[in-house]
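User: I have a new model open and want a quick tour. Can you take questions as I go?

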Amino acid sequence: SGPSLVEQIIASHHAVYGAGELNVLTNLVAPIIEGHLTQNTNVLTEKDFLSIRKQYLDSLSRFNVPENVITDKMPLNFRWIGFILTAFPEAKIVHLKRDAMAICWSNYKQHFAEKGLGYSYDLLDVVHYYQMYQDLMLFWGEHYPGKIYHLDYEQLTTDQESETKKLIQYLEIDWEDACLFPEENKRYVKTASSLQVRKKVYKGSSGEWKKFEKYLDKAFDGLPN
């Protein structure tokens, strides 16, 4: 959906450190949820959230960087938005919206060896996972109105300057022209999009799946147009 590009844009700002995809939140939140389910209770306590906050901030200290803003672009963090906003009321959530077919195709064509991404190996599983993601984002939006910034990937690639300025304004950091030239940012990018972020922002990539449409056996019929 474009998180590598957006992190590259944000991390081009002198006050921001791009930490990449961190597994910290999943490693902190999942055991707490599992523990409450084992005890047959779904009520998390203030102690739970204070623990998440402290351990997460402690994990960030290992970067030992001068920047006072740190990004965590793990896409699967969408599962924990409620936990994030409770433990970190000051957090800025950026939700990237993109053509549903483009996202599902992008997930399917890429081989992910990481744990927990098995849904990406089957087109129908990808579609079902996307539908669950949509439902969860609607849930978070209803419970945390105005706390999630929705950034449209297609609009970002067609109107880069305007969308970038609105993003930086949401993050409440001063504008810097460097944010318009993410391809010049030399920071190390470890994810599957490491080559794309070295290019200037370009449009049209969301239609790549159409080249293979006749082979998909209508797998995407359940996705929104």
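User: Leaving aside neighbours within four places in sequence, which residues is Gln155 in contact with?

Analyst: Gln160 and Glu163, once neighbours within four places in sequence are set aside. Keep in mind that this is a predicted model.

User: Which helix does Gln155 lie in?

Analyst: Gln155 lies in helix H7.

User: And how exposed is Gln155?

Analyst: Gln155 is partly exposed, at a relative accessible area of 40%. The range for that class runs between under 20% for buried and over 50% for exposed.

User: What separates the C-alpha atoms of Gln155 and Arg98?

Analyst: A distance of 9.2 Å. Along the chain the two are 57 residues apart.

User: Zooming out. What is the secondary structure of the chain?

Analyst: Eight helices and four strands. In sequence order the pattern reads α-β-α-α-β-α-β-α-α-β-α-α. The radius of gyration is 18 Å, close to the 17 Å from the globule rule for 225 residues, so the chain is as compact as a globular protein of that length.

User: What box do the C-alpha atoms fill?

Analyst: Roughly 50 × 45 × 35 Å along the principal axes.

User: How much of the chain is buried?

Analyst: Buried residues are 44% of the 225. The accessible surface is about 13,400 Å², and carbon and sulfur atoms hold 52% of that.

User: What about contacts between residues at least 6 apart in sequence?

Analyst: Of those, 74% join residues at least 24 apart.

User: How many charged side chains, positive and negative?

Analyst: There are 25 positive and 30 negative ones. The centres of the two sets lie 4 Å apart.

User: On to packing. Which residues touch the most other members of the largest nonpolar core?

Analyst: Ile52, Tyr56, Ile81, Phe220 and Leu223, out of 45 residues in that core. H2 (24–38), H3 (46–60), H4 (81–87), H5 (100–109) and H6 (123–143) each supply at least two core residues. H6 gives the largest share, with eight residues.

User: What does Leu223 contact, leaving aside neighbours within four places in sequence?

Analyst: Ala100, Met101, Cys104, Val127 and Tyr130. Another core, of 16 residues, lies apart from the largest one. Val6, Tyr153, Leu156 and Ile173 are among its members.

User: Is H5 enclosed or open, and why?

Analyst: H5 is largely enclosed by the rest of the structure, because seven of its 10 residues are buried. Those are Ala100, Met101, Ala102, Ile103, Cys104, Trp105 and Asn107. The cover over them includes H6.

User: How many residues of H1 are buried?

Analyst: Eight of eight, across residues 3–10.

User: Backbone now. What is phi of Glu172?

Analyst: Near 60°, a positive value in a residue other than glycine. Glu172 is in the segment after H8. Glu172 is exposed, with a relative accessible area of 64%.

Conventions:
Residues are numbered from 1 along each chain as its sequence is written. This is a predicted model: local features need pLDDT of at least 70, side-chain atom pairs count only at pLDDT 80 or more; totals for chains, interfaces and linings use all residues. Side-chain values use heavy atoms; hydrogens and water are left out. The radius of gyration is taken over C-alpha atoms; the globule rule is 2.2 Å times the number of residues to the power 0.38. Buried means under 20% relative accessible area, exposed over 50%, partly exposed in between (1.4 Å probe, protein chains only). Contact means heavy atoms within 4.5 Å. Accessible areas come from the Shrake-Rupley method with a 1.4 Å probe; for residues, only the protein chains shown count as cover. Lys and Arg count as positive and Asp and Glu as negative; His and the chain ends are not counted. The place of a charge is taken as NZ of Lys, CZ of Arg, CG of Asp or CD of Glu. A nonpolar core is a set of buried Ala, Val, Leu, Ile, Met, Phe, Trp, Tyr and Cys residues joined through side-chain atoms within 4.5 Å.
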